[in-house]
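The tour goes from one selection to the next.

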Amino acid sequence: MATETGSGKTLEALYREDRTFPPSREFMSKANVRDPKIYERAKKDLEGFWAEQAKTLHWFEPFQKVLEWKPPYAKWFLGGQLNISYNCLDRHVKAGKGAKVAYFWEGEPGDTRTVTYEQLLSETQKAANALKELGVRKGDRVAIYMPMIPELPVAMLACARIGAPFTVVFGGFSAEALAGRITDSEAKVLITADGGYRKGNVVPLKKNSDDAVAQSKTIQKVLVVKRTKQEVPWTKGRDIWWDELVGVQKADCPAESLDSEHMLYLLYTSGTTAKPKGIVHTTAGYLAGVATTHSMIFDIKDDDVYWCAADIGWVTGHSYIVFAPLANGTTGVMYEGVPDYPDKDRWWAIIEKYKVSILYCAPTAIRTFMKWGAEYPQKHDMKTLRLLGSVGEPINPEAWLWYQEFIGGGRCPIVDTWWMTETGMILITPLPGITTLKPGSATFPFPGVEADVVDDDGKSVPLGGAGYLVITKPWPAMLRGIYKDEQRYRDTYWSRFPGRYFAGDGAKRDQDGYFWLLGRVDDVMKVSGHRISTTEVESSLVSHPTVAEAAVIGREDPITGQSIFAFVTLRGGNNGDESLSKELREHVVTKIGSIARPKTIMFTPELPKTRSGKIMRRLLRDIANGQALGDTTTLADATVVESIRTASASGKDD
Ligand code: WT7
């Protein structure tokens, strides 16, 4: 088959990687999971496997039934009652671990805070009482738009404590993107900060919040953490300083007893249309799923210092900075800023300073560090590292090997973890004490996870072949739907191959059954590991008064995986120039955020279309990637090809 992946490669054009890395005897002998029979056991008794995991949580009421699967809807641990913040905090403090560090936090300017479990519990209870005082009740939605500061997990835990589903919006999103998410979730309260630090500059979070709230009919109160201390616009009666409200609350707010399927959060992610989808995650299955995978995949021990270097605004941060590590009572590192402030060795300085033993980050970061050079990590003592992780996009074998050698000192296993916002938890991954690694492969489905690679007709592709990745059995942290859009939930994930979850990724299995992820097969780009919809960028471009039409594609990029390349046709047959290109790129930043800024804009008199009017994306992809043009006979007007080929590319690197 010649199915196309997002990067324009056909699934047949595959890399062969033959090097293998079995776990060291040393690692294997101490690993949390040592017995390969775990796979068989979980396969034979999926419900039993997960029930055993879920029983390690603290329940106010035990669950009666493990799973109810009425495709495409799953319910897990039915009849049970629990609270996530209790599981993440109270439970550890009651067990005498209150003085253990939950987060070593480091701000970008170099200020630091050490937060123990006891302190986190006390802050969370105060924040929960503050939310109650603002009128937030069980079931009400709260929007959160914050920098990477300890008040962010506190806000999430406080919401979870009172049963108020929250939606965290990444601080790099624009006011408009924030407004859209607030509107869709009908949030009552927004929690934000005056600003956040990024590369020495202040991100104006409060200003953006004000612009977003101006478009919202539902926000009643805005709770503002003081972080950067610059002057901010203020609306009396609506805006409240966090310090002034949270600071005066009682540190006593019992955790609500919540149903297993109570909504924990909504997280918006890009799909193939212009409108982001609100992915719904619930309580018990989610917590059991993330805590189990975290402990088994990262081999978490009581004395580990674990650093997931993602932003909490993405699902990686929700699951593996906040909920799983806290549920497992882990000591974590949290860092506010960019990797090259004040210099390109910031991460390695942090690892040395806090004696980090586990690092989890994205291939884009690794490729950037590769470009900067090994001298930066080599300036620091990183011997405490014992395990490395990768997530967000396929990791090329070269980056894998560099990561292993220059960051891991040749001694750390690398867990390449495949999952999605929708899956909530890691689904395809090595188990570091068992799995023989192959650089670039996410290896095998986690115990209890059933995955397959299928062709266009849904038939399983034999080993050695490529196709679409599907998940064939429910898993506890799976999404429970798209908020207020049941039809889209069915259409997006369950209609392509009925009864099976369609991930939207291409995959291949080699002769040994290893999974190799090949990138998106839909109109979703992966830029620096961030998921961005081509349609969303196109529609923001056409909202500019000069633009008639736009087509956006992901172009291969050695550092960011893909970069955004936009073909733009102007109204009235006008020609574009450098200054308009700049204006359009900034226009997208205003509409969506800087992560979506097109790297290149090419002005063309027309876009190539098929006779039925469909934009020929494959052709545009070839042009953007500088490849030879394919068959052009389906063109509405063959001269278009020539004209867009000769059109001048404009734009520059950031
Ligand atoms: C998409 C999901 C999961 C947290 C971060 C991204 C890609 C994710 C891998 C990996 C190859 C990967 C897929 C997936 N992806 N992890 N280890 N190898 N590709 O979450 O923003 O929901 O994106 O990220 O294409 O569909 P997300």
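Start with helix α7, residues 175–185, which lies across β6 (142–145), β7 (166–168), β8 (189–193) and β14 (263–269). The helix runs at about 140° to β14. Contact here means heavy atoms within 4.5 Å; axes are lines fitted to C-alpha atoms, for helices over the stretch in contact, with angles from 0 to 180 degrees between N-to-C directions. Helices (H or I, at least four residues) and strands (E, at least two) are DSSP runs numbered from the N terminus.

This is a predicted model: local features need pLDDT of at least 70 and side-chain atom pairs count only at pLDDT 80 or more, while totals for chains, interfaces and linings use all residues. Residues are numbered from 1 along each chain as its sequence is written, and side-chain values use heavy atoms, leaving out hydrogens and water.

Next, select the sheet under that helix's strands. Seven strands form an open sheet in the order β12-β11-β8-β6-β7-β14-β15, with mixed pairing; two strands pair if DSSP finds at least two bridges between them. β12 (239–241) and β15 (277–282) are the edges, and each has a single partner strand, so one side of each is left without a neighbour in the sheet. From one strand to the next the twist averages 25°. Show Leu223 and, opposite it in β12, Ile240.

Now move to another sheet. This open sheet of seven strands has the order β5-β4-β17-β16-β18-β19-β20 and mixed pairing. Its edge strands, β5 (112–116) and β20, each pair on one side only. Here the twist averages 20° from one strand to the next. Select β18 (358–361) and β19 (387–391), a parallel pair with four bridges; Ile358 has Leu387 as its bridge partner in β19. Helix α5 (117–133) lies across β4 (101–106) and β5, at about 90° to β5.

Finally, select the ligand. Which residues are closest to the ligand? Asp416, Thr421, Asp505, Arg520 and Arg531 are the closest of the 17 that surround it, a residue being near if one of its heavy atoms lies within 4 Å. α11 (315–327), β20 (414–417) and β24 (515–520) each supply at least two residues of this shell. For polar contacts (pairs of N or O atoms within 3.5 Å), show the backbone of Gly392, where a polar atom is 3.1 Å from a ligand nitrogen, and that of Thr417, where the distance is 2.7 Å. The protein buries 95% of the 550 Å² that the ligand exposes when taken alone, by the Shrake-Rupley method with a 1.4 Å probe.

Conventions:
Polar contact = N/O pair within 3.5 Å; in protein donor to acceptor, adjacent residues only side chain to side chain.
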